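Here are my notes on this model. Please read them with the structure open.

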Amino acid sequence: MHQSKAYVLSLRASAAAAALLTAVAAGPAFAQAADVEELVVTGFRASLANAVEVKRAETSVVDVIKAEDIADFPDNNLAEAIQRIPGVSIDREAGEGRSISVRGLGPDFTRVRLNGIEALATTGGPDSGAGTNRGRGFDFNIFASELFNSVTVRKTQAAEVEEGSLGATVDLQTSRPFDFKGFTAAASLEYGMNELAESWDPRAAILLSNTWLDGRIGALVSLAYTKRNVREEGYNSTRWDNGPSVQGFCSPVGFTPQNRPNTTAIGATAANCATGVPRPANTPQNVAAYQLASAATTFHPRLPSYARSDYENDRYGLTGSFQFRATDRTTVNLDVLLAKLDTIRVDSGLSAISFSRDSTVGGKPQTHVLEAEVDQNGQLVYGRFNNVDFRTSTTYSDLSTEFSQYTLSLDHEFTDQFRMSLIAGRAFSDFDSPVQTTVTLERQNVQGFSWDYRSGERMPAMTLGFDPNDPAQWQVTPAGTPAALLSELRLRPQGVENELKTARLDFTFEALPSVSFKWGAAIKRYDFFTYEQRRQNQTDSLPPLPAGVTSASLATTLTGFGSNLPAGAPSGWVIPNVQAFASAYNIYCNCNGPLPGGASDDPDDFRMTGPTNGDARRLNQMIKEDDDSVYAQLSFNTDVLGRGLRGDLGLRYVTTALFATGYQSRASGTLVTVENRYSDTLPSINLAWDVRDDLVLRFGAAKVMARPTLTSLNPGGSTTTSNRANPSANLGNPLLQPFRAKTYDFSAEWYFAPESLLSFAFFHKDISTYIQNLRIDDIPFSEGPLASEASTIVPSNFDGTELWDFTTFVNTPGGPLKGIEVSYQQPFTFLPERFGLPEWTGNFGAILNYTWVESKIRYATSVAGTAYVTNDLLNLSKNAYNATFYYEDERFMARLSASYRAGFLTRIPGQNNNDVEGKNETLNVDASARYEINDNFALTLEALNLTDEYNDRYVDSVRNSPSTYQHSGRQYYVGVRYKF
């Protein structure tokens, strides 16, 4: 990347070797030309050529991305750059790549190292996407890509590489002063616009580097800043549920209990349809429509909603590097990386809320079905209803991530044959959301509401039945309405902290020119801390309006909704004003007692939950993990059948000591710490055989392990019993064993021309130990995983007949994973001579790759682990491809890239009686261009997400019912670059 002129490409220095390789690959005609021509390439082609050379020289299966020039990574986002590598897919959030999956294995299975040491970066996100990262997955959206100069993805395991990955180890490297010769400077300034947000925002970067004392001392600093306003909007159903769930719809007059599909839950007589709430009379209805909508096989959206999210992101980054070559045999490196991502996110929604409520809060049992149409898969594609409650909501979130890493390394050669490498460092990631506040306004008893999916659109046409832009339609305290239906207030400040301290010592002894021994040890101390506060009774409604305050004064209006959405979407609606609510009710006081407007129904109405752990933050979970490992590895380079064979054979032994702390779900809030220890012996082998000068065959095999996801290790849990009709319990399992697998890789790489590669790879992973998030719905507490603790968890007013929903984590047998990768890259320099085309056609080139992965995992369907279903591995896309076509001459470069990812599953079993949850396929197209005015200045243009791809999430493998259908629009950047 930042190899710039010093490297640009050191292909000049290695021109003879490149020419020789070309001659062997292309035959005698080219060999004669190589005697008189020097091969020199720069820019994007240079980065590709260097990456090919690195890949070919490695013993393991490795893919590399290099920067085109100083502070000039080939994509604005690291994840979006890595997705160009075969076998890598990404998941985008708000139009920007956030996490990666490698060879079908999700973010928790991919280990990331920054400047040689492991790191974990954590950000927050909306619940409709990945949400707040409380796992081991790495969030790439924290870092500006200009801070890095190379990315290496290691797909096979070697003993010298630390454990922790089933998918791949990703190495991110920032620039160092010895990468350059003498003084080097580069700067860039861009302005970008998101077409939905319609805001022009700056993006800037600068790098300064110099060396002194004949190259013995060097220092480098780089800074990057990005401001990005982005808007995401569309439709959200918050999953789908079946007819009888939450007690079913109100039955027509005269419809006897014997004919009801859910008699017990609804009540004994039709009059109970309106018990306890001010509802219009239960007038005659369409009995057939009621029966159709209420059937157990009929599924409907739980919260059909229009939704918008506005993001204001500020991303800062700084790297510093100091290098000292004390002697010809000793080099010291100090690397510093600081990053900060600040986000203000405002989520707005307009929801028909009745379809997720029970009878106690004015839900489905008070909703009259007037018309219904169900498709062949049981999906309620059309429905018209009376007595539907609506809600308009605003969630204001202040999100901030601070990341810091300090790494010190020492490389020393004792002799020509014996050398040592020492690296020690600390990485800290702190995600904090001090404000996450949701407020709502309500509208009861809407008549004639309907949704219609019959056109085949993922977003239905909805007839609201009232004007959502009229403030008079919305209330905080509707006259005569029970407290259960008043506006809600939710306060959920939260955060996640990760700290990792590590040290590694490696020795290498070259016993013979072709044989070397490596051995070493590593220690890692990892701390994970997550906290969350909530309003003491967050589902309780607000007290009456304070004196002088009206519902209208607590509202504002959302406008401009519906850009590029299906016809029929409203242009806007009234939304709550969070700042006005905060001022009227003093909601951030964390207080009890009298509130504005009179005494509260609950003396703790604005009290936040405890205990506070001594720093005003409620501890949810804390993990301390000590990992110690040693390894030994033999590396060799010999001949087999007259052709070079290189390889490594090694063994790694690692112990893991886990200390997990959390609150048990008991009235006393008991703090519990559970210990768990396990060890793994991990053999590995990698072979690379140059069967021809242009053909390399590779083989790799290893035992690998990945530690359990962090959220699964919580020894505590939580219960929700306020809704007696649907109580739930959620708990972790700190005694889990890690993911374990045996992996096998075979690949063939044909370097058929300069800067060119055609490769085929087959991989197989036998996952013997898997960890599943198990959800079991509608079973008595006595049959669940907490049956022995019923006396301390189940409320005294429960009689034991209630049906609970349980969520926990269990080890399961796993299953096999297999796949193939095909990759091709080549500059089309042959076009003019071979086909008689114009000379400029030789400036084109292509990079193409395709990955197919299949995995069938056994998922438990019972708490006892005696019943299983077989389905795809979570986050696995069966098909994925990337295609990049480029043009590059002395002054102008243009690139067009497409990345396709097939749909994948995100949860098994699904929630609300659905078998699975997942995300549908995506195709993202990006383009960029650069024109170099001279050797120092260049103009740049980038266009991202040209297809305006939708975030299309679904529930159920057969119905594929839309859960989230939102888009964030296209993103454009124009700018200028300077280098010296």
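1. Pairing of β35 and β36. Ile820 has Trp852 in β36 as its bridge partner. The two strands, β35 and β36 (residues 844–860), are antiparallel and share eleven bridges. Keep in mind that this is a predicted model.

2. Pairing of β33 and β35. Strand β35 (residues 815–827) also pairs with β33 (residues 757–780). Here too the sense is antiparallel, with eleven bridges. Ile767 sits opposite Gly815 of β35.

3. The nonpolar patch. About 1000 Å² of nonpolar surface is formed by a group of residues that includes Leu189, Tyr191, Trp200, Phe892, Tyr931 and Ile933. Phe937, Leu939, Leu941, Val974 and Val976 are also among them. The top contributor is β43, with three residues.

4. Tyr191. This patch residue belongs to strand β8.

5. Length of α4. Helix α4 covers residues 43–57. Its 15 residues, at 1.5 Å a residue, should span 21 Å. The end C-alpha atoms are 22 Å apart, which agrees.

6. Burial of α4. Twelve of the 15 residues in α4 are buried, so the helix is largely enclosed by the rest of the structure. Among the buried residues are Gly43, Phe44, Leu48 and Val52. Arg45, Lys55 and Arg56 are buried as well.

How values were computed
Residues are numbered from 1 along each chain as its sequence is written. This is a predicted model: local features need pLDDT of at least 70, side-chain atom pairs count only at pLDDT 80 or more; totals for chains, interfaces and linings use all residues. Side-chain values use heavy atoms; hydrogens and water are left out. Two strands pair if DSSP finds at least two bridges between them. Helices (H or I, at least four residues) and strands (E, at least two) are DSSP runs, numbered from the N terminus. Patches are made of residues with over 30% relative accessible area and no salt bridge: like charges are joined within 9 Å, nonpolar side chains (Val, Leu, Ile, Met, Phe, Trp, Tyr) within 5 Å. Accessible areas come from the Shrake-Rupley method with a 1.4 Å probe; for residues, only the protein chains shown count as cover. A salt bridge is a side-chain nitrogen of Lys or Arg within 4 Å of a carboxyl oxygen of Asp or Glu. The expected span of a helix is 1.5 Å times one less than its number of residues. Buried means under 20% relative accessible area, exposed over 50%, partly exposed in between (1.4 Å probe, protein chains only).
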